[in-house]
Amino acid sequence: MIELLTAFLLLLGSLLMLLAALGALRMPDLLTRMHATTKAGALGGGTMVVAVAVFFDDGAVTARALAIVVFIILTAPVAAHLIGRAGYFVGIPLWEGTLKDELKNRYDPETHTLASEDSEASSGSTEKRDHD
Amino acid sequence: MPILDWAVTATFVILSLALVIIFIRLIKGPSLPDRVVALELIASLTVGFIATHAVATRMANFLDVAVVLALTAFLAAVGFARYLEKGGERSDD
């Protein structure tokens with residue numbers, strides 16, 4: 001029974017990893033590629049480590065496996081956020097079907113600053129309140 | 001037992017296939033961040049290889065290697081991101 005469960009988890013994890021690799025190959029731009037690799041890759045890796053914990057059925061091994069899973073779950077989003085942010089700042093081209101880019105006319109890649117468009121609006125509202 | 005041996009072999013085959021596919025992206029990747037993403041997935045695939053090898057050889061000690069590799073891969077991703085953001089090469093053509 002334990003062997004059956006281990007086999008299932010190993011195959012599931014490796015198939016998820018294959019899916020992540022396929023997504024990274026086929027997706028059109030950096031952010032969609034990261035969307036594929038980060039989630040499917042982290043889930044696949046975690047599933048395979050859980051398979052090891054199930055197979056050995058030992059306290060020390062389970063603790064180490066759990067540590068790896070927690071570490072993967074904690075670090076995958078952080079690393080993806082950092083790389084996506086760096087990629088945007090470097091100026092990677094977005095996919096032509098991208099619907100929303102909220103930083104488009106606000107971020108200045110030369111000075112590395114973000115212009116806030118609503119600063120004028122808020123000052124205008126305070127002016128109006130003073131007038132009242 | 002034969003089911004597990006068969007599954008371990010199949011897992012090795014699938015992981016190798018994934019490694020080949022992501023290697024194509026690593027070579028093609030039009031920009032440096034694409035290559036960093038590919039390298040990160042390669043590190044995660046290697047963690048999977050180590051886990052499968054631990055089951056294949058019945059040696060649980062290999063999990064320590066997986067811990068170290070996961071840690072190093074995260075540090076490498078952070079380092080690359082910092083290098084890109086603080087003005088590295090804008091393109092690597």
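User: What percentage of the residues in chain A is buried?

Analyst: A residue is buried if 20 or more other C-beta atoms lie within 10 Å of its own, exposed if 12 or fewer, and partly exposed in between, with C-beta atoms placed from the backbone. By that criterion, 34% of the 132 residues in chain A are buried. The structure is a predicted model, in which local features need pLDDT of at least 70 and side-chain atom pairs count only at pLDDT 80 or more, while totals for chains, interfaces and linings use all residues. Residues are numbered from 1 along each chain as its sequence is written, chains are lettered from A and ligands numbered from 1 in the order in which they are written.

User: What is the order of the elements of chain A?

Analyst: Helices (H or I, at least four residues) and strands (E, at least two) are DSSP runs, numbered from the N terminus. Chain A has four helices and two strands, arranged α-α-α-β-β-α from the N terminus on.

User: How much confidence does the predictor place in each chain?

Analyst: The quantity to consult is pLDDT, the predictor's confidence in each residue, from 0 to 100. Chain A has a mean of 83, with 86% of its residues at 70 or more; chain B averages 88, with 91% of the residues scoring at least 70. The model scores ipTM 0.87 and pTM 0.84.

User: Which elements of chain A have the lowest and the highest mean pLDDT?

Analyst: The lowest mean, 44, belongs to helix α4 (residues 118-131) of chain A, and the highest, 93, to α1(A). Over residues 120-132 of chain A, pLDDT stays under 50, and the model has zero contacts beyond four places in sequence for them. Where pLDDT is low, the predicted coordinates should not be read in detail.

User: How are contacts counted, and what share of them in chain A joins residues 24 or more positions apart?

Analyst: Two residues are in contact if their C-beta atoms, placed from the backbone, lie within 7 Å. Of the contacts in chain A with a separation of 6 or more, 60% are between residues 24 or more positions apart.

User: Which residues of the largest nonpolar core touch the most other members?

Analyst: A nonpolar core is a set of buried Ala, Val, Leu, Ile, Met, Phe, Trp, Tyr and Cys residues joined through C-beta atoms within 7 Å. In the largest one, of 58 residues, they are A:Val52, A:Ile83 and B:Ala51. At least two residues of this core come from each of α1, α2 and α3 of chain A and α1 (2-28), α2 and α3 of chain B. The element that gives the most is α2(A), with 13 residues. Leaving aside neighbours within four places in sequence, A:Ile83 is in contact with A:Met34, B:Pro33, B:Val36, B:Val37, B:Ala77 and B:Ala81.

User: How does the span of α2(A) relate to the expected value?

Analyst: The expected span of a helix is 1.5 Å times one less than its number of residues. With 27 residues, α2(A) reaches 39 Å from its first C-alpha to its last, close to the 39 Å expected. This helix is mostly covered, 21 of its 27 residues being buried.

User: Where does UniProt place the feature "transmembrane region" in chain A?

Analyst: UniProt positions are given in the numbering used here, feature names are shortened, and annotations may be inferred rather than shown by experiment. The unreviewed UniProt entry places this feature at residues 36-56 and 63-84 of chain A. In the model, residues 36-56 of chain A are 100% helix, with end C-alpha atoms 31 Å apart; residues 63-84 of chain A are 100% helix, with end C-alpha atoms 32 Å apart.
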